[in-house]
Amino acid sequence: MNQVISEQKRKIHPHKFTLWVAIGSILMMFAGLTSAYIVKRSQASWLMIEIPMMFWYSTATILASSVTVQLALKALKKREMINYRRLLVVTAVLGVLFIVLQIVGFRQFAAQDIRLVGAGSNASYSFLLAISGIHGVHVLGGVVALVVIAIRALNSSTRSYSSLPLEIAATYWHFVDALWIYLFIFFTWMK
Amino acid sequence: MSSETISHGHAAEASVHSHDSHEAHGHDHHHEESFLSKYVFSTDHKMIGKQFLITGIIWAIIGGLFSVLFRLQLGYPEASFPILEDLFGKWAAGGRISNEFYYALVTMHGTILVFFVLTAGLSGTFANILIPLQIGARDMASGFMNMLSYWFFFLASVVMFASLFIQTGPASGGWTIYPPLSALGQASEGSKLGMDFWLISMALFIVSSLLGGLNYISTILNLRTKGMSMTRMPLTMWAIFFTAVLGVLSFPVLLSGAVLLLFDRNLGTSFYLSEIVVKGEILPNEGGSAILFQHLFWFLGHPEVYIILLPALGMVSEILSVNSRKPIFGYLAMVGSLFAICILAFLVWAHHMFVTGLNPFLGAFFVLLTLLIAVPSAIKVFNWLTTLWKGNIRFTPGMLFSIGFISLFISGGLTGIFLGNSTLDIHLHDTYFVVAHFHIVMGVASFFGMFAGVYHWFPKMYGRFLNNTMAYIHFWVTLVGAYLIFWPMHYSGLAGMPRRYTDWSNWQSFNQFQDMNRFISTVAMIVFAVQILFVFNFFYSIFKGRKVTSTNPWGANTLEWTTPINPGHGNWPGDIPEVHRWAYDYSKDGREFIPQTEPIGAYESKH
C-alpha cells in the first residue's frame, strides 16, 4: 500500500509538463529548419549572410525581457502586486519591441539591396527570414499569454495569487529567448 | 480509508478507495448542460472522441468514394458513364474521368485517409475515449486544449472540403505533394489554389494533432489513478502514448517543410526550386533543392505510418486478450517492441528515397535499419498468436477484426521486407507492388484495428451494441475483399506496372492486366458498399441498438468497465477506483477474469 502511494507523488503540475513536451515539439520544428539550412548551405549558390547590427539590439532586448519576467514571478511570489503588474507589462512591451527590431533588421537588408523573397532572392537570406519569422510567431504567442495574464492581474474583480500561469508563461518565455540565442549563434556561425 | 462496494457483472466485488483525486472539482452531481456545451463545444473527452469518430467516418465515406471513382476509370478505361458528367461537369466530360480529375481523386484519397481518417479518426477517437477511462482519470490534463484539438481538426476539414469545390480543383500532385510540381501554379491545375488550401488545411491539422498529442502524453504520465503504475497499464495506453510521442516529434518537421513550401509558392523564394522551365517559361528561381523537401516530408512521413498503425496494435492486443480469456503473452515484450518501433520510425525515412540519387553507401544503413523493424513486428505477431493459442476464444466482431488485423499485418509486413531492400526497390519503386504493400499493412490493417476498436468499445460509447449480423457480413466481405483487391496488385507490381497512370490500354506491356483491373474494381465497389452497411449499422445502433445491461459486457479487467453504462462527465460517480493489479489477469486461479480494481489475494504474487 505504501508503495502505491509513493508512486502517486507527482512532482510536476500536468500543465507544466505539457509545456515541456510542447517545447520538445517546437524544438523538433527548429531542428528540422536548421538542418534544412545546413543541407542547403553545402550546396551551390549559397551566399554568406551578413547579420545587421539591429539583430544584436533585438537579442539584448529579448535577454532583458527574460530578466523582467523572472523578476515579475519573484514579485508575485512576494505578493508585491504593483511591482508584479509593472514588470509583466514591461516584459510584454519588450517582447513586442523585439519583434519590431527584428522587422527593422530585415528592412535593413532591403536597404542593402538584398532580396529576401521574390525573383532574384537567394535561399540563404530566405532561410534567415523564414526561420526568424517562425521564431517571431512563437514570441508573439508568448506576448499574447503575458497580455492575458496581465489583464487578469489588472482586473480587480478576479484576484488570483496562483503563480502557476505565470510560471508556465515564464518557462515558455525563457525558452523562446534561449531559442533565439541558439538561432542567433547558429546564423553567425553558419553563414 | 472509506470504502464502498460496487458489483462487477461477474461475481467479483471490489472495494473502491477514496484517495487524493486529481481534479478536486466534484463531478459527482449531475449538472444541467446546454446542447451547445454537451454536444458541440464539449470539453468531455468522451464526447470529443465521438466527434473525432463521426467526423472521421464522414471523411472515410468521401475518401472511399473517391477510390470507387478512380477504380471505375481503371477498371473500365474505355467506358463512358454519362452520370459522371452530370455530377462532375467538366471534370468528367463525356462521362469519362479526366486526367486532372483522376490525379485530384488519388491525391485527395491519400490525404483524406492517411491524415483525416487514420490519424485524426483513429488516434483522435480512441486516445480521447480510452485514456481517461483506462488510466482512471476524470478527464484529460487540459479539457480546453482537447476541445481546441477537435475544432482545429474541424477547421482543417472545412478548408480541405472547400478545396474540393474550387474552380481549379483540389491539390493533385499526390498526397506527398513533392515540389516542384506542387510549388508551381503554372505546372498543373491542382497546383494552383487547391494546393494552398491543402497546405493551410494541413497546417491546421498539425496544430490539432499537436494539441491532442501533448494532452495525451501529459495525461498518461501525470493523471494515472492510485496503483496504476506504467507497467500495469493496458497495452492500448502504451500504444497511444508512443503514437502521441511520434506525432509530437514528427509533425512539427512536416510543418516546417510545409511553411517553406508556402514561401516558395507565394513569396517567390527558392527553397525547393532551381533552374526550371515550365511550358517554355524560364523561371528565375535558382539554388533550391527539391530533395530537401523529401527529407523533411519523409522525416514526418515515415513516423506517420506508425502513428496510424500503433493505436491499432494496442487495441488489437487488448481485444485479443479479453476475447481469448487469456493474459496477453509477453506484456513487457509488447511494450518493448512498441518502443523499438517508435525509435526505428525516426531512423528509416530515407527508404522512401532510395531512387532519388541517394548515396548507395548511405542507403545500406537505411536498408539495415528498415529491415530491423521486422524484429519487433515479429515479436508482436508471435505474442498475438501465443495469446490466441489454446485460448477460450469468443468470436465477437471486435475479436474477428483483431484476428483479421494479424493476418493483414503479416501479409503486408512480409512485402515490406522486399521494399526495404534498396536494390529490389530500383525495380519495385512506384509500382503497384508499393500500392499493395502499404494498403494492406497500413491502410486496411489499421482500418481493421479501428473497426475492432469500434465494435469493442461501442457499448462504452453509446450504451448499446452494434448489430452482430451486419458486423459479421462486414467482417467477412471486407477481409476477403481486401485480399482480392490488393493481392493481385503484387503481381502487376512485380511486372513493373507503375502507379499514378489513368489508363494502360495503349501500353503493350501492361494491357494484359486489364481483366485483372476490372476484377479489382468490381471487388472494390462491393467492399465499399459493405462499408456503407457498417456506417448504417453504426448510426442505427446509436439509437436502436440492443441495450447494454451490465457494466462489463465483455468480462474485461480494465477500468473503463467499472464506470456506469453511460458515464457522465467525470466518468466515475464516486471516487476514482484504485488499481491493484495489471490488466491481464484472465483465467487465473479458477476465475475467468479478475478486474484491476480487485486487491491482490493472500496467495497471489504481485504484478
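Here is what to select, and what you will find at each stop.

This is a predicted model, where local features need pLDDT of at least 70, side-chain atom pairs count only at pLDDT 80 or more, and totals for chains, interfaces and linings use all residues. Residues are numbered from 1 along each chain as its sequence is written, with chains lettered from A and ligands numbered from 1 in the order in which they are written.

**Stop 1: a helix in chain A.** Select residues 164-189 of chain A, which form helix 6. (Helices are DSSP runs of H or I, at least four residues, numbered from the N terminus.) Helix 6 of chain A has 26 residues and reaches 37 Å from first C-alpha to last, close to the expected 38 Å; the expected span is 1.5 Å times one less than the number of residues. Now colour its buried residues (20 or more other C-beta atoms within 10 Å of their own, C-beta atoms being placed from the backbone): among them are A:Tyr172, A:Trp173, A:Val176, A:Asp177 and A:Trp180. An α-helix has 3.6 residues a turn, so residues three or four places apart point the same way. What do the buried residues of helix 6 of chain A pack against? Show helix 2 (14-41), helix 3 (54-77) and helix 5 (123-154) of chain A and you have the partners.

**Stop 2: where the chains meet.** Show both chains: 35 residues of chain B are in contact with 33 residues of chain A (contact means C-beta atoms, placed from the backbone, within 7 Å). On the chain B side, helix 6 (193-222), helix 7 (235-266) and helix 8 (290-324) each supply at least two residues. The largest share, nine residues, comes from helix 7 of chain B. By class, the chain B side has 20 nonpolar, 13 polar and two charged residues. (Ala, Val, Leu, Ile, Met, Phe, Trp, Tyr, Cys and Pro count as nonpolar, Asp, Glu, Lys and Arg as charged, the others, Gly among them, as polar.)

**Stop 3: a helix pair in chain B.** Pick residues 331-345 (helix 9) and 374-388 (helix 11) of chain B, which pack at about 150° with axes 9 Å apart. (Axes are lines fitted to C-alpha atoms over the stretch in contact, and angles run from 0 to 180 degrees between N-to-C directions.) That makes helix 9 of chain B roughly antiparallel to helix 11 of chain B, a term for angles over 145 degrees.

Methods. Parallel < 35°, antiparallel > 145°, perpendicular 65-115°, else oblique. Contact = placed C-beta atoms within 7 Å. Buried ≥ 20, exposed ≤ 12 C-beta atoms within 10 Å, placed from the backbone.
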